[in-house]
Amino acid sequence: MALLVGCNYPNTPNELHGCHNDVLAMREVLVARFGFDPNHVELIIDKPGSLIMPTGANIKKALSGMIDQAEPGDVLFFHYSGHGTLIKARNSSKKEEAIVPCDFNLITSVDFRQLVNRVPKGATFTILSDSCHSGGLIDKETEQIGPSSTPRDGITPPSCKPKEIPFQSILQYFTSLTSQISTDIGIHLVEVFGSDASLMFRLPQHELEPISKPYLKPDEGILLSGCQANETSADVEIRENGRKPCGAFSNAVQMVLKENSGPLSNREIVLMARKILIMQHFNNQHPCLYCSDENADAMFLSPPQKPSP
C-alpha cells in the first residue's frame, strides 16, 4: 500500500513546480517495477480541482488508514514531495523537522514517530521525503547515513528553488490568522486546526515522552530523506529528464532505479542517489537514511524477510 503526496502550492509565493511530477513518476514505478496494486496506491496532489487536497488532516488520515489496514508481511510506502521546515519544540531550544501540507497544518517528526510505533510487527513502513530539513523526520530513528558520513563543502546550482518555508514565515502567517502575539507556533496551530493539529502541539509533555523515547528494540520505520536536517532539498529542472520540473532527490532515486534493474537495498539507494546529486553539482544536499541496522541492508520496498526457524 502506498500514499503519494505532491504539494506544488500553486499561485502562492511558495509555489514549486516539480512535486506533482515526482509522485506521478513514482506511481508508475511502484506498479511496473515493484508490483503494487494500482488500487492500493493513493495519490494526493494540490492540483486545482482535486477532490482531495493534501491538507495536514487529509494526509494524516490517509497514513493512519493505511497503517490500520496493514498486516504482517505488508510493505507500506509514503512518498512526500513538497516544502519542509524546522520548528521550535515546546519548552525546548531543540528544533524539530516537519513537512508543510498545502494548508500549512504541519506534520511533525513526533507524528511520524507515532505512526511508525503503530506499524504491525512483520510489516515495514518506508518514507521517502523530498523536502527541506527532512533528515530525522521520524523522531528518534537510528541514523545509518547522515551528518556523520557527509562531506562539508560545495555549491548548489543557482537554477533551483529550495523546498523550504522558513519557520518565521509560517509563524507570521498564523499570527495574522489568530491575532495571537505568541511566538509558540503550537498555540496558533491548535487554535486554527484544533484536534487536527500535530500531536507535538496538542499533547502535554508527559504524554509526548512515551511516544518519542528511544525504543530498546529496532522498529519498522525506514526514512530516505532528500537532505540532512540542516539542509535544503531542491526543486529544479534537470537536463537528463528533458528539463521537466522535479525534485532533485526524487529524480535521483528514479535514475538509480532505471539504471539498476536488480534489487537494491535501502542503503544502496541512498548512496547511489548521493553520487548522482554530486555529479549534478547538488553538493550541499546529502540524502540520508534512518532505520534499524537490519532494515538498512533490506531490499528497498521488498516484503520483510521472515526470520529463520
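Okay, so Ser179 sits in the loop between α4 and α5 (185-193), where helices (H or I, at least four residues) and strands (E, at least two) are DSSP runs, numbered from the N terminus. Ser179 has a positive phi of about 65 degrees, although this residue is not a glycine. As a reminder, most residues other than glycine have a negative phi. Ser179 counts as exposed because its relative accessibility is 62%; the classes are buried under 20% relative accessible area, exposed over 50%, partly exposed in between, with a 1.4 Å probe and protein chains only.

Quick housekeeping. What you're looking at is a predicted model, where local features need pLDDT of at least 70, side-chain atom pairs count only at pLDDT 80 or more, and totals for chains, interfaces and linings use all residues. Residues are numbered from 1 along each chain as its sequence is written, and side-chain values use heavy atoms, with hydrogens and water left out.

Back to phi angles. His133 has a positive phi too, about 60 degrees, and is not a glycine. Where is His133? In the loop between β7 and β8. His133 is buried, because its relative accessible area is 6%. Lys140 is also placed in the loop between β7 (124-130) and β8, but Lys140 is partly exposed, given a relative accessible area of 42%.

For angles, axes are lines fitted to C-alpha atoms, for helices over the stretch in contact, and the values run from 0 to 180 degrees between N-to-C directions. The partner of β8 is β13 (residues 288-290), antiparallel over two bridges, and Ile145 stands opposite Leu289 in β13.

There's another sheet, also open: three strands, ordered β9-β11-β12, with antiparallel pairing. Its edges are β9 (161-162) and β12 (244-247), and each of them pairs on one side only. Between β9 and β11 (residues 234-238) there are two bridges, in the antiparallel sense; for Lys161, the bridge partner in β11 is Asp235. Then look at helix α8 (residues 248-259): α8 lies across β11 and β12, and runs at about 95 degrees to β12.

Two more stops. Asn295 counts as buried, because its relative accessibility is 7%. Leaving aside neighbours within four places in sequence, Asn295 is in contact with Thr124, Asp219, Glu220, Gly221, Ile222 and Asn266, contact being heavy atoms within 4.5 Å.

Last one, over on helix α4 (residues 167-178), which holds Tyr173. At 38% relative accessibility, Tyr173 is partly exposed.

Conventions:
Pairing = 2+ DSSP bridges.
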